[in-house]
Amino acid sequence: MLNYSFKNLVHLLESKNEEHLNLRKKANQLTEKIFGKKVFLRGIIEFSNICRKDCLYCGIRKSNKNLVRYFIKKEDIKEIIKNSYQDGFRTIVLQSGEVEIFDRDITEIIEFTRKNFDMAITLSLGERKRKVYEEWKKAGADRYLLRIETTNRELFKRLHPDDDFDNRLRSLLYLKELGYETGTGVMIGLPGQTYEDLAKDILFFKIYDFDMLGVGPFLPSFETPLKNEKKPDFELVLNFLALLRLITGNTNIPATTSMATLDKKGREKALNSGANVIMLNYTPAQYRHMYQLYDEKICLREDEKNTFKLTENVVRRAGKILVDEKGDRVKL
Ligand code: SF4
């Protein structure tokens with residue numbers, strides 16, 4: 001793990017050409033030193049697009065009235081989890097908009113999964129009261145993803161009219177205290193975000209020592225107030241990713257669908273710049289077009305098996321090996 005000064009971080013985030021390539025190379029070397037060529041697979045089930053919040057960048061925000069809202073029934077979710085296990089997944093991510101109506105169902109689904117399958121259960125269900133996180137942990141959940149999106153408090157407030165920065169951070173700390181492997185992350189290229197903000201994000205991750213760090217480029221959705229804003233340069237996303245690896249060492253860092261939406265080879269490039277995890281959309285194909293957090297999301301029309309094959313190819317092209325392991329945070 002390397003130490004970088006704040007000034008140097010800002011400089012490296014802006015870097016182009018040789019310096020940029022060197023950074024990626026170093027990050028890839030460290031990734032392979034820690035994980036070998038292994039890439040961990042995670043299957044995401046987006047079981048509902050109902051959300052009570054209105055985050056400015058999000059395509060499924062509650063003010064989007066042009067969206068058909070859906071939820072997958074709990075018995076069907078159990079069946080999807082069973083199929084994912086048979087297909088070789090050892091981590092499943094249950095994701096939805098933020099809504100409390102399914103909380104009891106989630107507990108039942110976690111208990112069912114824990115009882116029947118040897119797989120890691122990750123939840124990505126937004127901010128909840130501590131007692132709900134506690135109930136899900138007791139039921140058998142292993143990990144929780146809750147992105148902070150930016151550590152610039154002013155920018156956070158502008159983008160999240162329903163949220164409070166301190167409350168988001170408190171939720172993350174509860175999750176850690178309760179023993180979840182805890183993941184957070186930021187969006188790169190948000191309107192009004194600076195290189196200095198991004199450097200502070202990296203230092204924030206280092207200080208709080210989260211287990212998983214998800215990074216996505218800001219991608220505008222035409223159903224949001226940010227629809228006319230610009231996408232970031234993908235090189236900046238890669239610089240950020242490489243620095244995350246170099247500074248946080250053994251964290252799990254995914255190559256995401258949003259990266260492949262911004263750059264056709266985005267996931268391969270990410271896997272060669274510090275990422276060691278790949279996320280695969282395991283939501284049944286008929287629901288995917290209703291879970292568009294941003295425009296032009298890839299994987300909308302493929303079925304689950306097709307997506308699996310394509311994902312395997314991405315990993316192979318990056319010179320890595322897809323493994324069917326749970327992929328807990330590696331201890332150094
Ligand atoms: S980002 Fe999450 S909480 Fe915010 S509107 Fe979208 S789904 Fe809801």
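# Briefing on a predicted structure

In this predicted model, D209 is placed in the loop between α8 (195-208) and β6 (212-217). Phi of this residue is near 55°, a positive value in a residue other than glycine.

**Residues with positive phi**

- D209 counts as partly exposed because its relative accessibility is 38%, and partly exposed covers values between the 20% limit for buried and the 50% limit for exposed.
- N17 belongs to helix α2, which covers residues 17-35.
- The phi angle of N17 is near 55°, a positive value in a residue that is not glycine.
- N17 counts as exposed because its relative accessibility is 63%, and the exposed class begins over 50%.

**V39 in strand β1**

- V39 lies in strand β1, made up of residues 38-48.
- The relative accessible area of V39 is 1%, so this residue is buried, the limit being under 20%.
- V39 and K320 are 281 residues apart along the chain, and their C-alpha atoms are separated by 6.7 Å.
- K320 is also one of the contacts of V39 when neighbours within four places in sequence are left aside.

**T91 in strand β2**

- T91 is located in strand β2, which comprises residues 91-96.
- With a relative accessible area of 0%, T91 is buried.
- The side chains of T91 and R143 are joined by a polar contact of 3.1 Å.
- Apart from neighbours within four places in sequence, T91 is in contact with L41, R42, G43, M119, A120, T122, R143 and K326.

**E181 in strand β5**

- E181 is part of strand β5, residues 181-188.
- E181 counts as buried because its relative accessibility is 14%, and the buried class is under 20%.
- The C-alpha atoms of E181 and Q95 are separated by 16 Å, the two residues being 86 places apart along the chain.
- Once neighbours within four places in sequence are set aside, the contacts of E181 are D142, R143, Y144, D211, M212, D328 and R329.

**Surroundings of the ligand**

- The residues around the ligand are C51, K53, C55, Y57, C58, I60, R61 and G97.
- By class, this shell contains 5 nonpolar residues, 1 polar residue and 2 charged residues.

**Cavities**

- The model has 2 cavities of 30 Å³ or more.
- The volume of the second largest cavity is about 40 Å³.
- The lining of the second largest cavity consists of F47, I72, K73, K74, I77, F102, D105, I106 and I109.
- Two elements, α3 (74-86) and α4 (103-116), each give two or more residues to the lining of the second largest cavity.
- The greatest contribution to this lining comes from α4, with 3 residues.
- The lining of the second largest cavity has 6 nonpolar and 3 charged residues, with no polar residues.

Definitions and conventions: Residues numbered from 1 in each chain as written. Predicted model: local features only at pLDDT ≥ 70, side-chain atom pairs only at ≥ 80, totals over all residues. Heavy atoms only, no water. 1 Å grid on protein atoms, 1.4 Å probe; cavity = no way out; pocket = protein on both sides within 12 Å on 5 of 7 lines; lining within 4 Å. Points joined across faces, edges and corners; volume = space filled by probe spheres on them. Helix = DSSP H or I, 4+ residues; strand = E, 2+ residues; numbered from the N terminus. Nonpolar A, V, L, I, M, F, W, Y, C, P; charged D, E, K, R; others polar. Buried < 20%, exposed > 50% of the residue type's maximum accessible area, 1.4 Å probe, protein only. Polar contact = N/O pair within 3.5 Å; in protein donor to acceptor, adjacent residues only side chain to side chain. Contact = heavy atoms within 4.5 Å. Near = heavy atom within 4 Å.
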